[in-house]
Amino acid sequence: MDSIIEDVRVRKILDSRGNPTVEVDILTWNGFGRAAAPSGASTGSREVVSFPQGGVDQIISEVEDVISSELIGMAAEDISDIDYVLKEIDGTDNMSSIGGNTTVAVSMAAAKAAANSYNLPLYRFLGGNMVNKLPYPLGNMMNGGEHAGPNAPDIQEFLVVPVGASNISEAVFANSAIHKRLKELIQSKDSNFTGGKGDEGGWIPNISNDNALDIQSQACEEVGDELGITIKPSLDLAASEFWDKDENKYVYAQDGISRDSGEQVEYVKDIIDTYGMFYIEDPFDEKDFDGFSELTSAVGDKCIICGDDIFVTNKEILAEGIEKGAANGLIIKPNQIGSLTETYKTVQLAKENNYVPVVSHRSGETTDETIAHLAVALGTPLIKTGAISGERIAKLNELIRIEEELPDPEMADLKF
Ligand SMILES: O=C(O)[C@@H](CO)OP(=O)(O)O
Ligand SMILES: [Mg+2]
């Protein structure tokens, strides 16, 4: 078999925040795969543990001594067997002994090595010969919350989706045009704006949440008109980060306003109606299933209500959400669950239940481009991976290359 693993190598590399992360190389008889793990700042409490206590340094020897000897001789294409072996080596429920970032980097490197062994791009190896759909990019324009500094909006991500774009290149350049326009619009509101950017390359404005919403939608309209395509605003509130569990309130520090769960439902409904939001992620705390359900039953026919911290790419938690009607979309981050096999199962469950899967980067990223291939292979209609910055454009530019390779490329079908 061409994909028999001959060596597994591991190294400590930088992520985009300057923190250490892990990169894994897998060599097969006939190929090579390399993958690195990202890391979050606004993490869900039920995500698998990224690294054990000793951090990346600890797992370097673990991979060299234990993981590589188990994997050498296995076929890289047997991805679920490899993921099973990794889980056995870890031996915990939450990957705390070797870390979900370690296992996901090995899992992705193995898949890439398998693809390379057969001379196939990863999206084709995983997705088959018929894949031809490109995801719409959810581009991050302004950053707040945990991805920014003090005085930024509480809402973590002001995103846009170029729903009218007819190809991926048009889509990513529409997003970058909005990003440029927003710099001017922020400057017009705040003459002290220095052009500072957050973890994901979006601007960090020192303005209220409402002002940020206004200029976000203004930019969508102006640039949309200029380019002749519809561009819709979207948000990731990452509301777990400003939920005060003692007060039972969502605390908007920038605005000096607190809202209980019922008021939060009304506030978010109002935002969706006022601005014609296409997509809203994590509008409630990760434990507030009721808030999620109430909002989804009110607006789920016109807006994607997407769960990130609430579901953490975990199929059991997603099943609970489906039962409760908590959302109609979910974020897919392989390192939240620690393997490609589990990621795949969660996407399948989502699709069977009409939940829109959204493959996503993390706020701490590397130039690894794997998620671009995953979005195409898994057929997710959206990919969240920033708009500019080296570690974000690594994925966007890969999508442009993939589009060029596909014989009959089309943009994905969107729900609204
Ligand atoms: O909340 C999110 O969706 C992500 C990525 O945008 O942030 P983090 O990686 O910090 O969890
Ligand atoms: Mg999120």
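Which residues do ring pairs link into a cluster?

A: In this predicted model, ring pairs join Phe 242, Trp 243, Tyr 250, Tyr 252, Tyr 267, Phe 284 and Phe 292 into a cluster. Across the whole structure, a search finds eight aromatic pairs. One of them is formed by Tyr 250 and Phe 284, whose ring centres lie 6.2 Å apart with the planes at 70°, so this pair is edge-to-face. Tyr 250 belongs to strand β9, whereas Phe 284 is in the loop between β11 (279-281) and α8 (289-299); the pair therefore ties together parts that are 34 residues apart in sequence. Tyr 250 is buried, at a relative accessible area of 0%, and Phe 284 is likewise buried, with a value of 0%. Both fall under the 20% limit that defines a buried residue.

An open sheet of three strands has the order β8-β9-β10, and its pairing is antiparallel. The edges are taken by β8 (243-244) and β10 (257-259), each of which has a single partner strand, so one side of each is left without a neighbour in the sheet. Strand β9 (residues 249-252) pairs with β8 in the antiparallel sense over two bridges. Here Trp 243 stands opposite Tyr 250 in β9, and these two residues are also among the members of the aromatic cluster.

A helix accompanies this sheet. Helix α7 (residues 261-275) lies across β9 and β10, and its direction makes an angle of about 105° with β10. Tyr 267, another member of the cluster, has Arg 259 over its face, at 3.6 Å from the ring centre. A further charge over a ring involves Lys 324, whose charged end sits over Phe 289, 4.6 Å from the centre of that ring.

Finally, the metal site may be set beside this description. The magnesium ion (ligand 2) is coordinated by Asp 236 (OD), Glu 281 (OE) and Asp 308 (OD), at 2.0 to 2.3 Å. In sequence, these donor residues follow the spacing D-x44-E-x26-D. Asp 236 lies in strand β7 (residues 232-236) and Asp 308 in the loop between β12 (304-307) and α9 (315-324), so the pair ties together parts that are 72 residues apart in sequence. Asp 236 is buried, with a relative accessible area of 1%, and Asp 308 also counts as buried, at 2%.

Technical notes: Residues are numbered from 1 along each chain as its sequence is written. Chains are lettered from A and ligands numbered from 1 in the order in which they are written. This is a predicted model: local features need pLDDT of at least 70, side-chain atom pairs count only at pLDDT 80 or more; totals for chains, interfaces and linings use all residues. Side-chain values use heavy atoms; hydrogens and water are left out. Donors are N, O and S atoms within 2.8 Å of the metal (3.2 Å for Na, K and Ca); water is not among the atoms, so sites may look incomplete. Helices (H or I, at least four residues) and strands (E, at least two) are DSSP runs, numbered from the N terminus. Buried means under 20% relative accessible area, exposed over 50%, partly exposed in between (1.4 Å probe, protein chains only). Two strands pair if DSSP finds at least two bridges between them. Contact means heavy atoms within 4.5 Å. Axes are lines fitted to C-alpha atoms, for helices over the stretch in contact, and angles run from 0 to 180 degrees between N-to-C directions. Rings of Phe, Tyr and Trp (its six-membered ring) pair if their centres lie within 6.5 Å; planes under 30 degrees apart count as stacked, over 60 as edge-to-face and the rest as tilted. A charge sits over a ring if NZ of Lys or CZ of Arg is within 6 Å of the ring centre and within 35 degrees of the ring normal.
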